[in-house]
Amino acid sequence: MATRRLSSLLSSSYVVAASSRSFGRYSSWGRGINRFSTAVALEEPITPPVQINYTKLLINGQFVDSASGKTFPTLDPRTGDVIAHIAEGDAEDINRAVSAARKAFDEGPWPKMTAYERSRIMLRFADLIEKHSDEIAALETWDNGKPYEQAAKAEIPLLIRLFRYYAGWADKIHGLTVPADGPYHVQTLHEPFGVAGQIIPWNFPLLMYAWKVGPALACGNTVVLKTAEQTPLSALYVSKLFHEAGLPPGVLNVISGFGPTAGAALASHMDVDKLAFTGSTETGKIVLGMAARSNLKPVTLELGGKSPFIVCEDADIDKAVELAHFALFFNQGQCCCAGSRTLVHERVYDEFIEKSKARALKRVVGDPFKKGVEQGPQIDSEQFEKILKYIKIGIGSGATLESGGERFGSKGYYIQPTVFSNVQDDMVIAKEEIFGPVQSILKFKDLGEVIQRANATRYGLAAGVFTQNIDTANTLARALKVGTVWINCFDIFDAAIPFGGYKMSGHGREKGIYSLSNYLQVKAVVTPLKNPAWL
Ligand code: NAI
Ligand code: MG
């Protein structure tokens, strides 16, 4: 019964959270971390059911080598082995891509096409993703390390949904007529900016692609997208499908490469009219500065977080534990909105700790291509080392290590599901974004206190609230300074729901109707009325 009721809280088939429902079933397959041998991660990696066909830069509808001829390896997080060598874009390639996007905007068909035609192409693209969803999910798992079942059952359906959603918007974008105080006919035109530069991270390569490319193209912009150096594969694959769906050359250009080279060239380019970025707050500040110092292009930023997940005294503990576990450990903990401060009321705290520990010990870690695996490896050695360093800091600062704390296996970038209790607000693990499978549990006494503590951070991306009390839910929803409050649910990511940050978690909103304003500028057209008396 308890499980069913939790499932009903996570009921949409189009939400990433849907995966937790499926994994809830698999959790009973786990046999405790002490008993599932490290051999799980040491077994020969399963051969991914997909081939790598696209490794070059996509400029003006063609796959081309980089101007320098350089390549970089993209690695399998399960082993650290090379999957493929990828053309490495740099400033010259960004120049070529921006020129192609400029031409496609100024002279080419995209903004001149009817909005309905643009919508049709985006719908055909969504159909092609659906047709090839198995290969796409496999590429995403291979390059990123996330469980295949999660990619296939949650992310790819959401990717399809996002493009259908934005296709639906393409022919519904229009201005207003404005009642001015005077004899004027006034109207507004909602027009695309031109060339949108977009920089995305590696944690959800395809969802970030859709959040960026979808609204930009629906609004009639053209795009230069710089993918994350850790995960270049899936964007190249799907962009090929986009062209098969009828996307004209130059409308969407995809550059693989590194941040300080290709990314910086895009952010500071004088002919890029709009910039959108998702990643760390630190890099967000850098790209915002570059945009300001070049041509003052407007910037949308979706940055880091340290989101509270608040478990109130009336909570059903079993459900709260499961949801808090999901809120933190989903996607190997690599979520900008991860519920990384689990704040639990003192009356239920001890039971919550015991059960959270037991749940973490049951978490199934292993080859992400293996059925039933809930947690794969972290993305790369840098993140792996960073997370292990935070675990050491947590132990050193006096937090109680309840489970995990070490790498999992001896190969690749797997980390044991780690739970700390007795975490205090001033500890580094309670303040900084760990971006890994490390849950920090803190205790609170009353609502006023938890509001103040939850808000005492530079970040303001999201929050989870677990309570049956409607007044507590409403009070917390209004008091928390964050862009999303999930009440008795978490990580609900439907295409129509806006997402973005308060404070240093970012500027602007992605998804939903609000995302369109990132890619549109408003022109006022004013015409005098010669004979207002006749109207
Ligand atoms: P990052 O913010 O440095 O990288 C994100 C994107 O920005 C990548 O495409 C990267 O190539 C690009 N980039 C990096 N430096 C740049 C520069 N100087 N100019 C232009 N573009 C640049 O994130 P990174 O290094 O992968 O991870 C560091 C930390 O950031 C993580 O540990 C995590 O805490 C956070 N992060 C947050 C994400 C989110 O969804 N908000 C996603 C990824 C990382
Ligand atoms: Mg970085």
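**A strand and its neighbours**

Mentor: Begin with one pair of residues: Ile199 has Phe277 in β10 as its bridge partner. This is a predicted model, in which local features need pLDDT of at least 70 and side-chain atom pairs count only at pLDDT 80 or more, while totals for chains, interfaces and linings use all residues. Residues are numbered from 1 along each chain as its sequence is written, chains are lettered from A and ligands numbered from 1 in the order in which they are written, and side-chain values use heavy atoms, with hydrogens and water left out.

Trainee: Which strands pair with β10?

Mentor: Strands of a sheet pair through backbone hydrogen bonds, either parallel or antiparallel. Helices (H or I, at least four residues) and strands (E, at least two) are DSSP runs numbered from the N terminus, and two strands pair if DSSP finds at least two bridges between them. Here β7 (residues 195–199) pairs with β10 in the parallel sense over four bridges. Strand β11 (residues 299–302) also pairs with β10 in the parallel sense, over four bridges, and Val299 in β11 stands opposite Leu275.

Trainee: Are the residues of β10 buried or exposed?

Mentor: In a regular strand the side chains alternate between the two faces of the sheet. Lys274, Ala276 and Thr278 point one way from β10, Leu275 and Phe277 point the other way, and all are buried. Buried means under 20% relative accessible area, exposed over 50%, and partly exposed in between (1.4 Å probe, protein chains only). Five of the five residues of β10 (residues 274–278) are buried, so the strand is largely enclosed by the rest of the structure.

Trainee: In what order do β5, β6 and β22 lie in their sheet?

Mentor: The three strands form an open sheet in the order β5-β6-β22, with antiparallel pairing. Its edge strands are β5 (177–178) and β22 (520–528), each pairing on one side only. Between β5 and β6 (residues 184–192) there are two bridges in the antiparallel sense, and Thr177 has Gln187 in β6 as its bridge partner.

**Backbone angles in loops**

Trainee: What is the phi of Leu296, and what is that of Lys511?

Mentor: Most residues other than glycine have a negative phi, and most peptide bonds are trans. Leu296 has a positive phi of about 60° although it is not a glycine. Leu296 sits in the loop between α11 (281–293) and β11, and counts as exposed at 68% relative accessibility. Lys511, also not a glycine, has a positive phi of about 65°. Lys511 is in the loop between β21 (506–507) and β22, and at 1% relative accessibility it counts as buried.

**The whole chain**

Trainee: How many helices and strands does the chain have?

Mentor: The chain has 17 helices and 22 strands. Its radius of gyration is 24 Å, close to the 24 Å that the globule rule gives for 535 residues, so the chain is as compact as a globular protein of that length. The radius is taken over C-alpha atoms, and the rule is 2.2 Å times the number of residues to the power 0.38. Along its principal axes the C-alpha trace spans about 75 × 60 × 45 Å.

Trainee: What share of the 535 residues is buried?

Mentor: Buried residues make up 60% of them.
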